[in-house]
Amino acid sequence: MAPRIVTLTLNPAVDLAWEAENVRPTHKVRTRSEHYDPGGGGLNIARVVRELGGESLAVLLSGGVTGMFLQDLLTESGQPFRNIPIDGRTRLSVTVHDRSDNLEYRFVPEGPEITEAEWRSALHAVDIADADWVVASGSLPRGVPEDIYRRLAVATARRGRRFVVDTSGPALTAALGSGVTLIKPSLNEFETLVGRKLPDRREQAEAASGLVRAGASEMIAVSLGADGALLVTRAGAWHVAALPVTVLSTVGAGDSFVAAMTLALARGEPAEDTFVCGVAAGTSAVMHYGTARPDRAEVERLHATLIQGVRQIPLSV
């Protein structure tokens, strides 16, 4: 039986993605190739887990007519979910791909304010869910305490489950050291976390290794954009180079990385192999329009190529 993964999305969105021939101010910009996807870190992760053959349950907070639209999209996709109703309206996020210069414009509103009763209900829904792994991902909406992922990590550890968190800023800092299995910051997020610039791969690996040894997280995967990605565990550090692909959308690529890596970890795969699974899923995601739309067969093909390029990085300790 496949391991079940439950995800939490506190600030979901309906993601609208369009193409335009040329984005210009004050002009009526005609769009085409419209995509409507459930959005938000945890929802993206849950959907990608299912695409890759795993079982997932998405717990989310949503409300208003936009919340109903979001739930309709989840139902149409076949994604199992548990919605916690809120008084506010779920946000709409917009991404426009400008074909004239191949640039992507992303508009992300802050979303509704959440009451204490609402966010506590969400934590309870995750706590009682039947799952082996818990993934908390995405930004925190207004009204939610900065240590909410720490609270969830502690509750998850108490039940003997594994916990993955993918966020940034104070919410990430607060969660560290609470029984976290995996974090996956971007390089910029990681530099903010450690409080200094990390100009080369060795420095990045040493900084991550220091956090792992201190018990912040069992493993740290750092996405490096065009430079690939880095994984650090107590057993060592590894780097894999990025593949040259045509990028159509970056929305949800990081979530695809987390989904694939978490699923592989839940299946008991070696750390280095789970890392490559994540990079393969993130790579596949950027090759498709829309939010977090990697293709399973494509991920498997990319994995076979990427695994050949994994290199271990020597650490001082």
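At what angle do helix 6 and helix 7 pack, and how far apart are their axes? Here are my notes on this predicted model, starting with that pair.

1. **Helix 6 against helix 7.** Helix 6 (residues 187–194) packs on helix 7 (residues 201–213) at about 55°, and the two axes are 11 Å apart. That angle makes helix 6 oblique to helix 7, and their crossing is left-handed. On the helix 6 side, the contact uses Leu-187, Phe-190, Leu-193 and Val-194, while helix 7 brings in Gln-204, Ala-207, Ala-208 and Leu-211. Sorted by class, this contact has seven nonpolar residues, one polar residue and no charged ones.

2. **Helix 3 against helix 4.** Have a look at helix 3 (residues 116–128) and helix 4 (residues 148–158) next: they pack at about 25°, again with axes 11 Å apart. Because angles under 35 degrees count as roughly parallel, that is the label for helix 3 and helix 4. The crossing of helix 3 and helix 4 is right-handed. Helix 3 makes the contact through Trp-119, Arg-120, Leu-123, Val-126 and Asp-127, and helix 4 through Ile-148, Arg-151, Leu-152 and Ala-155. By class, that comes to six nonpolar residues, three charged ones and no polar ones.

3. Why are they about one helical turn apart? Because Glu-116 and Arg-120 are four residues apart in helix 3. Glu-116 is partly exposed, at 45% relative accessible area, and Arg-120 is partly exposed too, at 42%. Remember that Arg-120 is also one of the residues in the contact with helix 4.

4. Asp-127, another helix 3 residue in the contact with helix 4, meets Arg-159 in a salt bridge at 2.9 Å, N to O. This pair links distant parts of the chain: Asp-127 sits in helix 3, Arg-159 is in the loop between helix 4 and strand 9 (162–166), and they are 32 residues apart. Asp-127 has a relative accessible area of 23% and is partly exposed. Arg-159 also counts as partly exposed, at 48%.

5. **Glu-21 and Arg-32.** What do these two tie together? Their salt bridge has its closest N and O atoms 2.9 Å apart. Glu-21 is in the loop between strand 2 (13–20) and strand 3 (31–39), and Arg-32 is in strand 3, so the bridge ties together parts that are 11 residues apart in sequence. Glu-21 is partly exposed at 44%, and Arg-32 is partly exposed at 40%.

6. How many salt bridges turn up in the whole structure? The search finds 12. As a reminder, side chains of opposite charge can pair when their charged atoms come close. Glu-21 and Arg-32 also belong to a network with Glu-19 and Arg-99, joined by salt bridges that share partners.

7. **Two positive phi values.** Most residues other than glycine have a negative phi, so a couple of spots are worth a look on screen. Thr-26 has a phi near 70°, positive although the residue is not glycine. Thr-26 lies in the loop between strand 2 and strand 3 and counts as exposed, at 83% relative accessibility. Ser-33 also has a positive phi, about 50°, and is not a glycine either. Ser-33 is in strand 3 and is partly exposed, at 33%.

8. **Ala-280.** Is this residue buried or exposed? Ala-280, in helix 9 (residues 271–286), has 0% relative accessibility and counts as buried. Leaving aside residues up to four places away in sequence, Ala-280 touches Val-299, Leu-302, His-303 and Leu-306. Ala-292 is 12 residues from Ala-280 in sequence, and the C-alpha to C-alpha distance between them is 13 Å.

Conventions: Residues are numbered from 1 along each chain as its sequence is written. This is a predicted model: local features need pLDDT of at least 70, side-chain atom pairs count only at pLDDT 80 or more; totals for chains, interfaces and linings use all residues. Side-chain values use heavy atoms; hydrogens and water are left out. Axes are lines fitted to C-alpha atoms, for helices over the stretch in contact, and angles run from 0 to 180 degrees between N-to-C directions. Angles under 35 degrees count as roughly parallel, over 145 as roughly antiparallel, 65 to 115 as roughly perpendicular and the rest as oblique. A crossing is left-handed if the near helix is turned anticlockwise from the far one by less than a right angle, and right-handed if clockwise. Contact means heavy atoms within 4.5 Å. Ala, Val, Leu, Ile, Met, Phe, Trp, Tyr, Cys and Pro count as nonpolar, Asp, Glu, Lys and Arg as charged, and the others, Gly among them, as polar. A salt bridge is a side-chain nitrogen of Lys or Arg within 4 Å of a carboxyl oxygen of Asp or Glu. Buried means under 20% relative accessible area, exposed over 50%, partly exposed in between (1.4 Å probe, protein chains only).
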